[in-house]
Amino acid sequence: MKTAYGDHLTVTTEGHVATVVIDRPPNNHVSVDLMRDLADALEAMDRDNNIRAVVLAAAGKAFCAGADLVSPTGIGGTGMSGIDSLYDQAVRLFSIETPIVAAVQGAAVGAGLGLALVADLRVVAPEARFSANFVKLGFHPGFGLTHTLPRLIGEQRANLMFLTGRRIKGEEALAWGLADELVPLGQVLPAAQALAAEIAENAPLAVVATRKTLRGDLAAAVRAQTNHEHEQQTLLRATEDFAEG
């Protein structure tokens, strides 16, 4: 059975695994509405005792190429309030209790990298590209990444990504712990579903309890960090650097 959430999100279920697919051509850019629909879908899965694991995937070549911060119709089109609303939805995503496996087939850039780090585990292709390219745009990192990325790969590697804006390929992501499995491009989604099914085979209450222990106060930490990120982004948005970026 396939269920739609908004215009760009579908959910299908097989056994105890739900697969959520983002399809917002051409690059699956983040919008507040899309993130709200995603949070709604994941919260519904938290309430569904049949769902024990989720796969987060995206259609097309890009997993998520980030947020549109500058165009009139983008997140930043109405000023910083749109970005703050985006972060409200990010905190909802980090509050989800069901384990999430991300299937990353291509670019996960900026807010797209933040979205990939909502997941507990990431299955990627060699073609995957992870980038925190905010400094190239004259902007401060957001989506809680200044907390979640160092937590995952360590401060020094996070420093490298944040301060250079370079793209990390799938093979390097695996070596760094940014990815958990590396498979050929055409196998990313089925491999992510197989990993989710492996999680779903276990006792669900024990899985949820263990995950809560491992994640700790992650949602609260993301909320605090996005507050700081938003302050810095507001300051930088008014600069010539941002206009040029």
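## Strand pairing around β5

Two strands count as paired if DSSP finds at least two bridges between them. In this predicted model, strand β4, residues 53-58, is joined to β5 over three bridges, and the pairing is parallel.

## Burial of β5

Strand β5 spans residues 100-104, and five of its five residues are buried, so the strand is largely enclosed by the rest of the structure. In a regular strand, side chains alternate between the two faces of the sheet. In β5, Ile 100, Ala 102 and Val 104 point one way, while Val 101 and Ala 103 point the other way. The residues pointing in either direction are all buried.

## Trp 176 in helix α6

Helix α6 runs over residues 170-176, and Trp 176 lies in it. With a relative accessible area of 11%, Trp 176 falls under the 20% cut-off and is therefore buried.

Apart from neighbours within four places in sequence, the residues in contact with Trp 176 are Ile 153, Arg 157, Leu 160, Met 161 and Ile 168. For Ile 153, 23 residues away from Trp 176 along the chain, the separation between the two C-alpha atoms is 6.1 Å.

## Asn 133 in a loop

The loop between β8 (129-131) and α4 (145-153) contains Asn 133. Is Asn 133 buried or exposed? Its relative accessible area is 19%, and the limit for a buried residue is under 20%, so Asn 133 counts as buried.

Leaving aside neighbours within four places in sequence, Asn 133 is in contact with Val 109, Gly 110 and Gly 165.

## Packing of α4 and α9

Helix α4 packs with helix α9, which covers residues 218-237. The angle between them is about 130°, and their axes are 8 Å apart. Angles over 145 degrees count as roughly antiparallel and those from 65 to 115 as roughly perpendicular; the two helices are therefore oblique to each other.

On the α4 side, the residues that meet α9 are Leu 145, Thr 146, His 147, Thr 148 and Arg 151. They face Leu 218, Ala 221, Val 222, Gln 225 and Glu 229 in α9. Sorted by class, the contact between α4 and α9 comprises four nonpolar, four polar and two charged residues.

How values were computed
Residues are numbered from 1 along each chain as its sequence is written. This is a predicted model: local features need pLDDT of at least 70, side-chain atom pairs count only at pLDDT 80 or more; totals for chains, interfaces and linings use all residues. Side-chain values use heavy atoms; hydrogens and water are left out. Buried means under 20% relative accessible area, exposed over 50%, partly exposed in between (1.4 Å probe, protein chains only). Helices (H or I, at least four residues) and strands (E, at least two) are DSSP runs, numbered from the N terminus. Contact means heavy atoms within 4.5 Å. Axes are lines fitted to C-alpha atoms, for helices over the stretch in contact, and angles run from 0 to 180 degrees between N-to-C directions. Angles under 35 degrees count as roughly parallel, over 145 as roughly antiparallel, 65 to 115 as roughly perpendicular and the rest as oblique. Ala, Val, Leu, Ile, Met, Phe, Trp, Tyr, Cys and Pro count as nonpolar, Asp, Glu, Lys and Arg as charged, and the others, Gly among them, as polar.
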